[in-house]
Structures are given as structure tokens and as C-alpha cells.
Amino acid sequence: DPSPQMEAGGEVELGGAEKTVHEAFESFVVEAKEVKELLSTLAEAPEGNVRINNILDKYQEQSQLLDPHLEEMVTKLMGIVRSAGAGSLHDNKAALRRASSVLYTVTKVRGFKTVVKFMPHEVQDLEPCLDLLDAQDPADHETWETRYALLLWLSILVMVPFSLSTIDSMLCTEPGGGEGLVERIERVGKACLSDPGRTRDGAAYLLSRLLTRPDMEEDTLVGFLQWSDATLRSTSNTFLPTGIYSTLANVFKYGQRQSLLDKVPLALSILSRDRDEDRPHTIFRECVPYL
């Protein structure tokens with residue numbers, strides 16, 4: 001195949017015809033039409049996700065070629081996730097698994113930070129997404145892609161630019177009673193921190209986004225730091241410390257410096273105490289130095 005030549009003005013010359021970079025990239029995904037057709041029937045097609053995943057995997061070395069198609073793909077996939085959450089599909093659980101499988105492959109090929117930008121972030125989706133995630137079985141290792149996709153979606157939904165208490169249905173219906181929205185998100189996120197794979201990374205990212213909200217950086221963040229301190233001293237789970245350290249590292253990466261300065265002593269005390277306990281070397285090699 002002829003290689004595209006870049007010209008001035010952001011145009012590509014390909015076989016004598018001039019195209020924009022966007023159009024050229026679109027034409028390079030030769031299976032684009034097939035992928036779109038498979039996505040349109042994915043909710044009912046038992047093995048549709050397998051073929052889509054195989055196609056997407058081919059573009060790992062040049063993932064930017066998918067960019068012209070990314071928004072449309074993610075929109076269709078999230079439409080299936082939404083419908084499954086609303087219980088409006090023939091087999092909601094299977095459809096959700098297939099859509100989540102493709103979403104994971106898209107994040108693997110293109111990077112989750114790029115993909116989450118195209119996920120819907122309407123405020124009315126927050127509690128349905130949380131309900132769907134809360135209904136998943138953490139012990140079911142065959143549905144980890146579903147949990148990962150929902151964690152990423154929730155990570156963008158918790159960044160709504162107003163207080164989460166204003167959209168907490170529990171506070172509206174039973175003030176002072178039951179588990180609030182923030183507490184539920186924390187609980188679900190913490191439960192996934194002990195997973196051994198990508199689900200743990202998704203949970204760490206979700207919790208860091210929640211805890212670095214301006215209205216969470218005092219009581220809620222301090223409470224998480226105290227929980228982390230107590231948990232690291234008592235847990236026998238070999239994966240949970242990595243999840244906690246990943247969350248803390250993301251908190252100090254995404255949080256506002258002035259809001260985090262007074263939290264540094266507690267974070268350092270956690271690091272110092274845990275170093276004395278001689279935890280597995282891999283944790284210090286990756287998570288602790290990063291934090």
C-alpha cells in the first residue's frame with residue numbers, strides 16, 4: 001500500500017488525491033464498516049465482541065488510527081450499557097458483558113483516559129451506573145471487564161460540577177438514614193481495590209477522582225487516609241496494599257496542591273510504617289516510589 005505523504009496545511013497526499021489527516025486516518029481502518037455493523041447488532045449477537053476485539057487488537061501499534069471512529073464506537077457501546085442497566089434488553093447480563101469486553105479492548109488499545117472522554121456524563125446516569133456496579137459480584141472473575149467499564153464510567157460521572165449531596169436520592173427520601181451516595185461509591189471502590197487486575201486500576205482511578213473533588217478533600221479524604229493506615233496494618237490480602245497505594249498516588253497526582261499539603265504528614269506516616277513491615281518488594285518497586 002502507498003504510504004501517505006504529509007503536505008503543508010495538514011493534508012495528506014495518497015495516490016494522487018488530497019485528503020485531510022482525519023479523512024486519511026479514517027480510510028486506513030479497513031474494517032471500519034464491519035466494526036460499525038457488528039456494533040449495531042452487538043446487543044443480540046452472542047460472539048460479536050470476539051470479532052470486534054480481534055480487529056481492534058490489530059491497531060495497538062498505531063492506535064491513533066482509531067480516533068476518527070472512537071466517539072461513534074464508544075457511544076454505541078455505552079448505549080448498550082445504559083439499556084442493560086435499565087433492563088430493556090432481551091438478555092441484559094450477556095449484552096452488558098459483550099459491550100464491556102469491547103470497551104476494555106478499546107481502552108487497552110487507545111488508553112482509558114482517551115476513551116472516558118467519550119462516555120456519557122449526564123448527572124442522571126450517576127445513580128443507575130452505581131446501582132449496576134453495586135449489583136456485580138466481585139467474586140465472579142468472568143465479569144471483571146464489566147466492573148472495569150462501570151468503574152471508568154463512574155469516574156467521569158463523579159466529577160459533576162456541583163455537590164453530590166444535591167443528587168443523592170437517599171438524602172432526598174430518607175434524610176439521615178441509610179447509606180449515602182458518597183459512602184456507596186467509596187464502599188464499591190474499596191471492594192474492588194483487592195482485585196488482582198485492571199479492575200483494581202479502575203477502582204483506584206475512580207476513588208482518586210472522588211476524593212479530589214473540592215467538597216471531598218477534607219473529611220472524606222482524611223477518612224480514606226485513616227482507613228488506608230488501619231487497613232495496611234491489618235490486612236492479609238496481598239493485592240489490597242497495591243490498590244491502596246495506587247489510589248493514594250492518584251490522589252496526590254490529581255488533587256490541588258494547597259488542599260493536599262496538610263495531608264502529607266499522614267501519607268508519609270503510612271509509607272514509613274508500612275516500610276517497616278517489610279511488604280512484598282513489588283509494591284515498593286512500583287507503587288510506593290511513585291507515591
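1. Start with a definition. Buried means under 20% relative accessible area, exposed means over 50%, and partly exposed lies in between. Take Phe 112: its relative accessibility is 25%, so Phe 112 counts as partly exposed. Keep in mind that this is a predicted model.

2. Now the core. The largest nonpolar core holds 77 residues. Within this core, Val 81, Met 119, Leu 154 and Ile 185 touch the most other members. In soluble globular proteins, nonpolar side chains tend to be buried together.

3. Look closely at Val 81. Which residues does Val 81 contact, leaving aside neighbours within four places in sequence? They are Leu 96, Ala 99, Leu 103, Leu 132, Leu 150 and Trp 153.

4. Next, the empty space inside. Rolling a probe the size of a water molecule over the atoms shows where empty space is left. The count comes to two cavities of 30 Å³ or more. About 30 Å³ lies in the second largest cavity.

5. What lines the largest cavity? The residues are Val 29, Ala 32, Val 35, Lys 36, Ile 55, Leu 56, Tyr 59, Leu 66, His 69 and Met 73. By class, eight are nonpolar, one is polar and one is charged. Helices H2 (32-40), H3 (48-57) and H4 (67-86) each supply at least two lining residues. H2 gives the most, with three.

6. The second largest cavity has its own lining. Here you find Ser 100, Leu 103, Tyr 104, Thr 107, Met 119, Glu 145, Tyr 148, Ala 149 and Leu 152. Helix H5 (92-110) and helix H8 (144-157) each provide at least two residues of this lining. Six of the lining residues are nonpolar, two are polar and one is charged. Two names here come from earlier points. Met 119 is among the core residues that touch the most other members, and Leu 103 is one of the contacts of Val 81.

7. Turn to the aromatic rings. How many aromatic pairs are there? The count is five. One of them joins Tyr 104 and Trp 144, edge-to-face, at 4.8 Å centre to centre with 75° between the planes. Tyr 104 sits in helix H5 and Trp 144 in helix H8, so the pair ties together parts that are 40 residues apart in sequence. Tyr 104 has 14% relative accessibility and counts as buried. Trp 144, at 28%, is partly exposed.

8. A second pair is formed by Phe 112 and Tyr 205. It is edge-to-face too, with 4.9 Å centre to centre and 75° between the planes. Phe 112 is in helix H6 (residues 112-115) and Tyr 205 is in helix H11 (residues 198-211). The pair links distant parts of the chain, 93 residues apart. Is Tyr 205 buried or exposed? Tyr 205 counts as buried, at 8% relative accessibility.

9. Rings also gather in a group. Ring pairs link Tyr 104, Trp 144 and Tyr 148 into a cluster. Tyr 104 and Tyr 148 also line the second largest cavity.

10. Last, the largest pocket. About 410 Å³ of space lies in it. Its lining has 24 residues, and Phe 112, Arg 198, Asp 201, Ser 246 and Asn 250 lie nearest the centre. H5, H6, H8, H11, helix H13 (240-254) and helix H16 (281-290) each supply at least two lining residues. H13 gives the most, with seven. The classes are eleven nonpolar, six polar and seven charged.

Conventions. Residues are numbered from 1 along each chain as its sequence is written. This is a predicted model: local features need pLDDT of at least 70, side-chain atom pairs count only at pLDDT 80 or more; totals for chains, interfaces and linings use all residues. Side-chain values use heavy atoms; hydrogens and water are left out. A nonpolar core is a set of buried Ala, Val, Leu, Ile, Met, Phe, Trp, Tyr and Cys residues joined through side-chain atoms within 4.5 Å. Buried means under 20% relative accessible area, exposed over 50%, partly exposed in between (1.4 Å probe, protein chains only). Contact means heavy atoms within 4.5 Å. On a 1 Å grid over the protein atoms alone, a cavity is a set of points where a 1.4 Å probe fits but cannot get out, and a pocket is an open set with protein on both sides within 12 Å along at least five of seven lines; lining residues have an atom within 4 Å of a point. Grid points are joined across faces, edges and corners, and a volume is the space filled by probe spheres set on the points. Helices (H or I, at least four residues) and strands (E, at least two) are DSSP runs, numbered from the N terminus. Ala, Val, Leu, Ile, Met, Phe, Trp, Tyr, Cys and Pro count as nonpolar, Asp, Glu, Lys and Arg as charged, and the others, Gly among them, as polar. Rings of Phe, Tyr and Trp (its six-membered ring) pair if their centres lie within 6.5 Å; planes under 30 degrees apart count as stacked, over 60 as edge-to-face and the rest as tilted.
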